[in-house]
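Visitor: I'm new to this one. Could you pick a single part and take me through it closely?

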Amino acid sequence: MIRLQKVTRLYSRGEAPIRALDEVSLEIPHGEFAAVTGPSGCGKSTLLNILGGLDRPDSGEIWIGDLPLHRARDAALTRYRRHDLGLIFQFFNLLPAMTVEENVELPLLLRGDPPKKTRPRVAETLELVGLTARRHHFPHQLSGGEMQRTAIARALAGRPKLLLADEPTGNLDSGNAARVIETLLKIASQKIATLVIVTHSEELARLAPRHIRMLDGKITPPYPQ
Ligand code: ADP
Ligand code: MG
C-alpha cells in the first residue's frame, strides 16, 4: 500500500513559492494500477519523483508499505530504489554501446545479483515485453517503441513492487505508443507490480482502475471520491 498524507512540496520562485504539491493525500493499494493526468505544470512529475524517493516533501508523510519515505535514511532509500522500485521516463536512457539484453541486465548486476540468477530473469522479462527476438540488437537498431519496451523490461527485471512511469509514450508516434500502452496494460492486468503512470493517453487513463486528476498541485476532485 502506498499512502500519502498531506504531502506538500514547495519551490521558491522569486517572492512567492510555488506549491508543486499542495497537501496531497491518497492511497493506492498493492497491485493497483493508477493513471495520473493533468495539465503541464500541475505537479505530476513532482508527485512521481517523491514516490520514487528522488525528491522529498517539505511536509507531510509518504509511506510505501511500512517504509516512511519522508524520513528514510540514505541506506534505506538506496535499498528501496534498487529492490522495490522500477522507473520509466519519457526518454529511454538506454546505454548505446550495450545490447537490449545487456541494458536490461545491468541494474541487476550492479545491485549484486549473480549472473546465474539474472540471465533467466532477463530472458523472462524480455519475453513479457515481446522483445526476445531483439535481444542482441543495439538501441540504435530499435524503433522508439522497442526502446521504451526495453526500458520497461529494465525497470521490471528486478521484480520491483512499484513501477513508476512519467509520460512513457510522450516521445512516441501513435503506432509505437499503442504497443507500449499494450505492454503496460499487460503488466497491470497480471498485477506484476503496483503501477503509477503519468500519461496524456486517454486510453490508459480510461482503462486504469484509478484515475488521479491533478490541477495546481492538488488532486481534483478530492481523492478517493
Ligand atoms: P508536471 O509534471 O505536471 O508538468 P511538475 O511536477 O514538473 O509538473 O512541476 C510542478 C510545478 O513545480 C511547476 O510550476 C514547475 O514549474 C515547478 N517546478 C518543478 N520542478 C522545479 C524545480 N526543480 N525548481 C523550481 N520549480 C520547479
Ligand atoms: Mg512532468
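**A walk across the sheet, then a helix pair**

Guide: Happy to, and keep in mind that this is a predicted model. Six strands make up an open sheet, in the order 6-7-8-3-9-10, and their pairing is mixed. At the edges you'll find strand 6 (85–88) and strand 10 (218–219); each has a single partner strand, so one side of each is left without a neighbour in the sheet.

Strand 6 runs parallel to strand 7 (residues 162–166), and four bridges join the two. If you want a spot to look for, find L85, which stands opposite L162 in strand 7. Lying across both of these strands is helix 2 (residues 74–84), which runs at about 70° to strand 6. Helix 6 (residues 174–189) packs on the sheet too, touching strand 3 (33–37), strand 7 and strand 8 (194–198). The direction of helix 6 makes about 150° with that of strand 8.

Now for the helix pair. Helix 3 (residues 100–110) packs with helix 4 (residues 115–128) at an angle of about 130°, and their axes are 10 Å apart. The crossing of helix 3 with helix 4 is right-handed. On the helix 3 side, the residues that meet helix 4 are V100, E101, V104, E105, L108 and L109. Facing them from helix 4 are P115, T118, R119, R121, V122 and L126. Sorted by class, this contact holds seven nonpolar, one polar and four charged residues.

Note on methods
Residues are numbered from 1 along each chain as its sequence is written. Chains are lettered from A and ligands numbered from 1 in the order in which they are written. This is a predicted model: local features need pLDDT of at least 70, side-chain atom pairs count only at pLDDT 80 or more; totals for chains, interfaces and linings use all residues. Side-chain values use heavy atoms; hydrogens and water are left out. Axes are lines fitted to C-alpha atoms, for helices over the stretch in contact, and angles run from 0 to 180 degrees between N-to-C directions. A crossing is left-handed if the near helix is turned anticlockwise from the far one by less than a right angle, and right-handed if clockwise. Contact means heavy atoms within 4.5 Å. Ala, Val, Leu, Ile, Met, Phe, Trp, Tyr, Cys and Pro count as nonpolar, Asp, Glu, Lys and Arg as charged, and the others, Gly among them, as polar. Two strands pair if DSSP finds at least two bridges between them.
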